[in-house]
Amino acid sequence: MSLTDDELDRYARHIVLPQVGGVGQQRLKAARIAVVGAGGIGAAAIPALAGAGIGQLTIIDGDTVDLSNLQRQPLYRTADIGLPKAELAAAFVADRNPRIAVTTTAERITPANAAALLAGHDLILDGTDNFATRLLVSDTATRLAIPLLSAAAQQFQGQIALFRGQPCYRCFVGDAFDADDCDTCAELGVLGALTGTVGAFAALVAIRFIVGIGPDAVGTLHLFDGASLAWRQLRLVADPSCRTCGSHDATDR
Ligand SMILES: [Zn+2]
């Protein structure tokens, strides 16, 4: 996949990096990323992915803009209140980088539509705000064998992890949260700048994964404490009895 003269100019600051170069930029152009959730995480990650030249972006979000979103979601304006986030995010991407093919789904991801919405992507970035949806996205990603980048923020804590095969996100959080559909941000609060930090970090992890920069981040949980400003890394371990990625037969459940 070659780059046009316009793209060589647009991505000049990438291409001059030895770790990216023309080959890395072509990998970004060829990449298909699904972003689930255009809220606090997505609103920071989507502009970074669009700017980086990800060739195909799918934006999945069934929400409309609420006044309380504007504290942390810089994709949206006061005049956008009541309008669908997926459509607004797509319009932003089209203005930012008209070379990107954007597909939007302005409906909530559900067990009925998840596989159809997520199939055919090279990476899924989950920035949703509740465990039930995260587990649904993770289980679907595992079954479709698509790497999953999970990013979450609440209060002052951010966490980002890249999953591919084992361990999966369900190994990490367990089965207790499948019925938990609460909006954790609404209940517990979140610092607006934290979601931006976590969303931009997730975009960085996605870009280095697509290009192939640095050590493989799969299976490492990155934790950020916005109060102390400390980053920590933990190695995640597979749960051998995980019902999604575990080795036991599904009929044993
Ligand atoms: Zn698992």
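These legends describe close-up views of a predicted model. Local features need pLDDT of at least 70, side-chain atom pairs count only at pLDDT 80 or more, and totals for chains, interfaces and linings use all residues. Residues are numbered from 1 along each chain as its sequence is written, and side-chain values use heavy atoms, with hydrogens and water left out.

**View 1. Helix 4 and the residue that follows.** Helices (H or I, at least four residues) and strands (E, at least two) are DSSP runs, numbered from the N terminus. Helix 4 has 13 residues, and its end C-alpha atoms are 19 Å apart. The expected span of a helix is 1.5 Å times one less than its number of residues. Of the 13 residues, 11 are buried, so helix 4 is largely enclosed by the rest of the structure. Buried means under 20% relative accessible area, exposed over 50%, and partly exposed in between (1.4 Å probe, protein chains only). Among the buried residues are Gly 40, Ile 41, Ile 46, Pro 47 and Leu 49. Gly 53 follows helix 4 and has a positive phi, near 90 degrees.

**View 2. Helix 5 and its packing partners.** Helix 5 covers residues 85–96. From first C-alpha to last, its 12 residues reach 16 Å, close to the 16 Å expected. Lys 85, Ala 86, Leu 88, Ala 89, Ala 90 and Val 93 are its buried residues. They pack against helix 4 (40–52), strand 2 (56–60) and strand 3 (101–105).

View 3. Arg 99 sits in the loop between helix 5 and strand 3. It is partly exposed, at a relative accessible area of 41%. Leaving aside residues up to four places away in sequence, Arg 99 touches Thr 4, Asp 6, Glu 7 and Gly 55. Contact here means heavy atoms within 4.5 Å. Arg 99 and Ala 86 are 13 residues apart along the chain, and their C-alpha atoms are separated by 18 Å.

View 4. Strand 7 spans residues 220–225. Five of its six residues are buried, so the strand is largely enclosed by the rest of the structure. Two strands pair if DSSP finds at least two bridges between them. Strand 6 and strand 7 run antiparallel, joined by five bridges. Gln 159 has Leu 223 of strand 7 as its bridge partner. Strand 7 also pairs with strand 8 (residues 230–235), in the antiparallel sense, over six bridges. There, Phe 224 stands opposite Trp 231 of strand 8. The hairpin of strand 7 and strand 8 has four residues between the strands, and Leu 229 takes a positive phi near 65 degrees.

View 5. Most residues other than glycine have a negative phi, and most peptide bonds are trans. Ala 145 has a positive phi of about 60 degrees. It lies in the loop between helix 7 and strand 5, and is exposed, with a relative accessible area of 68%. Gln 155 has a positive phi of about 50 degrees. Its loop runs between strand 5 and strand 6, and Gln 155 is partly exposed at 37%. Gln 166 and Pro 167 are joined by a cis peptide bond, with omega about -10 degrees. Pro 167 belongs to the loop between strand 6 and helix 8.

View 6. On a 1 Å grid over the protein atoms alone, a cavity is a set of points where a 1.4 Å probe fits but cannot get out; a pocket is an open set with protein on both sides within 12 Å along at least five of seven lines. Lining residues have an atom within 4 Å of a point. Grid points are joined across faces, edges and corners, and a volume is the space filled by probe spheres set on the points. The structure holds one cavity of 30 Å³ or more. The largest cavity has a volume of about 40 Å³. Strand 5, strand 6 and helix 8 each give two or more residues to its lining. Strand 6 gives the most, with four. The lining includes Ser 150, Ile 160, Phe 163, Tyr 169, Phe 172 and Leu 221. By class it has eight nonpolar, two polar and no charged residues. Ala, Val, Leu, Ile, Met, Phe, Trp, Tyr, Cys and Pro count as nonpolar, Asp, Glu, Lys and Arg as charged, and the others, Gly among them, as polar.

**View 7. The second largest pocket.** This pocket has a volume of about 190 Å³. Of its 13 lining residues, Phe 131, Arg 134, Ala 152, Gln 154 and Gln 159 lie nearest its centre. Helix 7 (131–144), strand 5 (148–154), strand 6 (157–163) and helix 8 (169–173) each supply at least two lining residues. The lining divides into seven nonpolar, five polar and one charged.
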